[in-house]
Amino acid sequence: MTVYARVDGPLGTMLLVGEETADGAAALASLSLPEQRGAVAVRDGWRHAPERFTRVAAQLEGYFAGRVQDFDLPLAVAGAGTPFQRRVWQVLDSIPYGGTATYGEIAARVGVSGAGVRAVGTAIGRNPLLVVRPCHRVIGADGSLRGYAAGPERKGLLLGLEGALVR
């Protein structure tokens, strides 16, 4: 069953969506932010179950307080996305806390060049796990904060929280 909860944080009220697991938690399928492009909306049949997201909420709180650098959460998105998107998302997961990478660097790591950088940007934009999967760590080649579905202000806030030096 699909369950959801809302958690407040410095970026606004985050919508957490997941699938119930046998241990009484939820495997996280989506984390979206207010006014985010392509944000998930609660659907009929979903159950409000904040108790299923205590681990997620605790790690998010720790992240925003500077105590958590890597999320350790069950994810329900293993089959989500195209094979190309999953390759891009895997590279996103490897960008360390406090670090950044450019769209071109991500493209090179997944083996595309030229116009393929646009496809990488599209794949990053379809990341269903904002904050948890660190698409905010991807910046323009000129160091600009471009391309964040929840807006450049939030991207800057996250990079500032992590102490990332934007090139």
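Predicted model: local features only at pLDDT ≥ 70, side-chain atom pairs only at ≥ 80, totals over all residues.
Strand β2 covers residues 12–20, and β3 covers 26–32. The two run antiparallel and are joined by six bridges. Two residue pairs can be picked out here. E19 stands opposite A27 in β3. L16 has L31 as its bridge partner in β3.

Now go to β1, residues 2–9. A hairpin of two residues connects β1 to β2. Eight bridges hold the pairing of β1 and β2, which is antiparallel. To see the two strands side by side, select V7 and M14: V7 stands opposite M14 in β2.

Zoom out to the whole sheet. The sheet is open and has four strands in the order β3-β2-β1-β4, with mixed pairing.

Last, select helix α1, residues 54–64. Which strands does helix α1 touch where it packs on the sheet? The contacts of helix α1 are with β1, β2 and β3. Turn the view until α1 and β2 can be compared: the direction of the helix makes about 145° with that of β2.

Notes: Residues numbered from 1 in each chain as written. Heavy atoms only, no water. Pairing = 2+ DSSP bridges. Contact = heavy atoms within 4.5 Å. Axes fitted to C-alpha atoms, helices over the stretch in contact; angles between N-to-C directions.
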